[in-house]
Amino acid sequence: MAPFEDIKISDCHIYDTKNGGIKLFTVDGAHLRNIEISNITMDEVRTPMLFRLGSRLNVFRKTQDTKQPTGTFENVVIRNVKAKAADSAQLKPPSGILITGVPGHYITNLTLENIEIDLLGSGNAEIARHKVPEAIDQYPEVKTFGPIIPAYGVWARHVKGLKLKNITFRIKQNDLRPVFICEDGKDIELTGWNVPETNGGEAIMRLENVEGAAITKINVKGSAQAFVRVEGKDSKKVKLSKNKTPGIKKTIETSAEVKLDVAKAN
């Protein structure tokens with residue numbers, strides 16, 4: 001597959017889609033890199049964003065073409081997006097942003113900046129612990145990973161160098177899912193988030209086998225057992241600073257397999 005690179009898209013309005021808003025996929029060996037998407041508005045969009053690096057590895061001419069190895073997904077910037085997600089979507093309840101590579105192949109250096117998303121909410125505690133299938137060789141679509149996603153805001157897996165800056169979520173109903181979950185991540189940066197009021201959840205954010213995370217300047221309303229819960233034996237180097245979490249007593253909570261010195265907060 002030929003590469004998709006050095007592409008800029010800006011100043012678009014997306015509305016009433018029966019699927020997603022911004023979706024970038026490479027699953028058959030193509031290299032996707034150096035993409036910039038900016039100044040986007042969305043109304044009544046099901047699942048505003050999906051980013052996927054997969055290993056379906058299909059070929060066009062089955063008897064002639066040679067399968068390529070898994071491609072790459074790197075250096076993508078999405079900025080200045082305002083989205084109102086539809087209450088009825090492929091995901092039940094809806095989620096805002098899905099980001100996933102496959103084991104051994106990371107989505108690398110993806111930056112999301114100045115993002116505002118309105119969502120239904122309404123997730124419960126059981127959904128918050130749902131395990132999403134890898135679907136390594138499947139068709140890349142929202143429904144491939146659904147209908148349940150354990151985070152209402154951003155769910156990310158197999159990512160490296162993920163930067164999420166100035167992110168605002170608004171929800172209509174209480175949601176017991178974390179606003180952010182990262183599974184198998186390296187060098188993750190979150191800064192300048194506005195998290196809506198939710199009450200009764202296990203954690204506002206959850207990190208699972210994440211090596212290197214900086215979480216700063218997050219404004220959190222409502223309550224939960226912990227601001228950040230860290231899990232997985234490979235988790236380490238998690239730092240929190242300058243966050244405002246007045247309704248949450250425990251800043252960091254770690255599961256039994258996590259080393260006690262994994263996380264630092266101030």
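Residues are numbered from 1 along each chain as its sequence is written, and side-chain values use heavy atoms, with hydrogens and water left out. Because the model is predicted, local features need pLDDT of at least 70 and side-chain atom pairs count only at pLDDT 80 or more, whereas totals for chains, interfaces and linings use all residues.

The protein contains 1 helix and 15 strands (DSSP runs numbered from the N terminus, H or I of at least four residues for helices and E of at least two for strands). Its radius of gyration is 18 Å, close to the 18 Å that the globule rule gives for 266 residues, so the protein is as compact as a globular protein of that length; the radius is taken over C-alpha atoms, and the rule is 2.2 Å times the number of residues to the power 0.38. Along the principal axes, the C-alpha atoms fill a box of roughly 60 × 40 × 30 Å. Of the 266 residues, 53% are buried (under 20% relative accessible area, with exposed meaning over 50% and partly exposed in between; 1.4 Å probe, protein chains only). Among contacts (heavy atoms within 4.5 Å) between residues at least 6 apart in sequence, 80% join residues at least 24 apart.

The largest nonpolar core comprises 59 residues, of which Phe51, Ile99, Leu112, Phe180, Trp193 and Met205 touch the most other members. Such a core is a set of buried Ala, Val, Leu, Ile, Met, Phe, Trp, Tyr and Cys residues joined through side-chain atoms within 4.5 Å. Strand S11 (residues 194-216) supplies the largest share of this core, 7 residues. A second, separate core of 11 residues includes Leu91, Ala135, Phe145 and Trp155. Beyond its neighbours within four places in sequence, Trp193 is in contact with residues including Val154, Phe180, Met205 and Asn219.

Ile181 is located in strand S10 (residues 180-191) and counts as buried, at 0% relative accessibility. When residues up to four places away in sequence are not counted, Ile181 touches Ala128, Pro150, Ala151, Val154, Trp155, Ala156, Arg206 and Glu208. Glu116, in strand S7 (residues 107-121), is partly exposed at 26% relative accessibility. Its contacts, leaving aside neighbours within four places in sequence, are Val81, Lys82, Ala83, Thr168 and Arg170. Thr245 occupies the loop between strand S13 (236-241) and strand S14 (252-254); with a relative accessible area of 15%, Thr245 is buried. Outside four places in sequence, Thr245 is in contact with Val220 and Phe227.

Backbone geometry was also examined. Most residues other than glycine have a negative phi, and most peptide bonds are trans. The bond from Lys92 to Pro93 is cis, with omega near 0°, and Pro93 lies in the loop between strand S5 (72-85) and strand S6 (97-100). A cis peptide bond also joins Gly146 and Pro147, with omega of about 5°; Pro147 is found in the loop between helix H1 (142-145) and strand S8 (154-160). His158, in strand S8, has a positive phi of about 55° although it is not a glycine, and is buried at 6% relative accessibility. Asn209, in strand S11, likewise has a positive phi of about 55° without being a glycine, but Asn209 is partly exposed, with a relative accessible area of 30%.
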